[in-house]
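Biologist: Can you walk me through this one? I'd like the overall picture, chain by chain.

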Amino acid sequence: MSGEKIIIRGGRVIDPVNGVDAFVSVSVDDGKIVAVGNVPNGFAAHQEIDAHDQIVCPGFVDLCVRLREPGQEHKATIASETAAAAAAGVTTLCCPPDTRRVIDTPALVNLLRERADGAGKARVIPIGALTRGLLGKELCSMMALKGAGCLAVSNAYAPMENLLVLRRALEYTTNCGLLVIVRPEEPALRNRGCAHDGAVSSRLGLPVIPYSAETVAVAQTLVLAEQTQARVHFGQLSCARAVAMIAEAQSRGVKVSADVAIHQLHLTEDAVDGFDANAHVSPPFRALADRDALREGLAAGILQAICSDHQPHDPNAKLDAFPATEPGISSLETLLPLALQLVESGVLDLFSAIARLAHGPATIMGLDAGTLSVGAKADICLFDPSLEWTASGTDWLSRGVNSPFYGSAFKGRVTKTLLGGRVVHSL
Amino acid sequence: MNKSIQFDAAGRLRHFLTIDGLNRGLLVRIMDVAESFSSVTEQQVKKVPLLRGKTIVNLFFENSTRTRNTFELAAKRLSADVLNVNIATSATSKGESLLDTIRNIEAMHVDMFVVRHEASGAAHFIARHVAPHISVVNAGDGSHSHPTQAMLDMFTIRQCKGDFSKLKVAIVGDILHSRVARSEILALNTLGTAEVRVVAPRTLLPADAAGLGVKVFHDLDQGLSGVDVIIMLRLQKERMSGAFLPSEHEYFTYFGLTGERLAKANPNAIVMHPGPINRGVEIDSRVADGPQSVILQQVGNGIAVRMAVMSMVLGGYGMANVGVAS
């Protein structure tokens, strides 16, 4: 890429895949990592990055980031959100196909990649649509999508017309070698709900999405995944029972993986008390026991990845009565600090936290990323684990202004992000 | 957090959105003030000048006859100017956002919004966004809250029964969708009611009904046994198509209030209903019109209680020496 030689000195380098946790230098040449440890003989760096008091780790891989482009540029753009990704230490991100123009053709995939390349802040991996127009009826041209660079397909939040279409779609992906990402939700049980079926919705009189909306879909998908041998990944789980079902399937050797959105590891149904529209998410925040089961599932490796589930909105999307607001959080820029809170509270060790943010998701996608191995792309995140700051939203790079974490005090922030050996963010 | 939105910096009641967060002293004061207005409504000249020069806007995003009428009468008897805005036939159907609608009416220099909306949380949302001099009274938001209805029911119970601490109260019917039930449960518990019960089939109860502070019954005979107050809720016709219930007939058979069922309650029990009544669906006509029914008394009390709430919120009337924030 740049041909530049860089040395990152003085930092604590953590690379879970290679078992590295040491105060060593990282040498980068021509966009690739050439050494972790002793600087190669005769290596004349053009640039030295001082990483004292910093942690140097692989750039994060985020399995679910809405960029809103094409079609909803009033909410956000590829340029704005990939810049936010860089500020979050995310170097590779996957965007679901449910843009206003659905990503169901190679042309759309190419368009996204070209615009992302033009912005140059993060690698964007578009997820192709599983069915044409996400209508749940006809299969997309998956071979062609794969040819254009898709690694996975998904129907995102859109329902399948019936289980037969899902079965056929899963079968078809097996001969393309594509991963199927499923956001499990039975639409009839979701109905018009917007909150967890628990104590808070009982009090506030909010229409509910029972946890069974998720477990019914997980059960159906697991049965079909097992039968078709398709590679299925469940995105953004919200309830304890779903984690247990996936663990059970994994123990029998079914090829399924799962992730959880960062905010589900922190907030519960209590967050919607007072009708805070910024806490309106889909799936909804559930009971404390669900949150704790998600944390345990993550620590145990049943869930291999944390994603941001970043959903930037324009202000109007949240300016209405709670049920009428659009769900989602602009969550990139709090991803790392919220993950570090999990380390602080003993849910995960730092090694595992970084693994779930980098190599875990990369492995799910089959990406050669999320490591500091010699020869790997120099996608690197530097963060200061003790930097204290308050999320104000005003200095965020994401155009989304919707977060329940505004005003929260955090410890730890990304200070520098390298993409292919190029500094794309510097605090 | 949400509860403090009802009070201004000085701890005075600024909005009336929910019973949640209001203490017993304030609820009693509302009833006391309502009591003092009851005589006004029986006089030849039914007006007091408490809110002269104030403009109150009835902002109804959902149809209502009784509630809007009583709010309008209450405002007029307090000498306020009243503007009725029926949004079902107004701007939001042309795509105007809720907030834009509010901003536009706000620009007409009004003092109070009385809001009814089909979405839970709408009144809170509006209260959070109105100009600092405007008060919001919730006239029903989704399945969440209908605090003036709850207070007029408390007022009616107090008139008939006096001390709440000796009462057993049963609320019967569609608790799941009922903003009235949620507000009544809060009010009854705040006022120290001995026992609050809900009686409903499982499909018409929220997930954590017991968490609301009630005893849950699925059998009407058991639920009515020994109670002093029976509050029947209206059953919407659409509950049948939503697969909540098999039929009106089955509902009436098992959950309808008949004379026979009423006999399970204490002999001097009163029968209440927030209206409008579905005769032969949730209540037998002979009971609705019978000697134990106080349904029409409730309607009359609606005006006095709404006068009390509006004068307290807008004029600070009767608010002296009340420790309001709980």
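Modeller: Start with chain B. Of its contacts with a separation of 6 or more, 76% join residues 24 or more positions apart. Two residues are in contact if their C-beta atoms, placed from the backbone, lie within 7 Å. Note that this is a predicted model: local features need pLDDT of at least 70, side-chain atom pairs count only at pLDDT 80 or more, and totals for chains, interfaces and linings use all residues. Residues are numbered from 1 along each chain as its sequence is written, while chains are lettered from A and ligands numbered from 1 in the order in which they are written.

Biologist: What is the secondary structure of chain B?

Modeller: Twelve helices and nine strands. Those are DSSP runs, numbered from the N terminus: helices are H or I, at least four residues, and strands are E, at least two.

Biologist: Why call chain B as compact as a globular protein of that length?

Modeller: Because its radius of gyration is 19 Å, close to the 20 Å that the globule rule gives for 326 residues. The radius is taken over C-alpha atoms, and the rule is 2.2 Å times the number of residues to the power 0.38.

Biologist: OK, chain A. Which elements does it have?

Modeller: Chain A has twelve helices and 21 strands. Its radius of gyration is 21 Å, close to the 22 Å from the globule rule for 427 residues, so chain A too is as compact as a globular protein of that length.

Biologist: What does its C-alpha trace span?

Modeller: About 65 × 50 × 45 Å along the principal axes of chain A.

Biologist: And how many of the residues in chain A are buried?

Modeller: 58% of the 427. Buried means 20 or more other C-beta atoms within 10 Å of the residue's own, with C-beta atoms placed from the backbone.

Notes
Buried ≥ 20, exposed ≤ 12 C-beta atoms within 10 Å, placed from the backbone.
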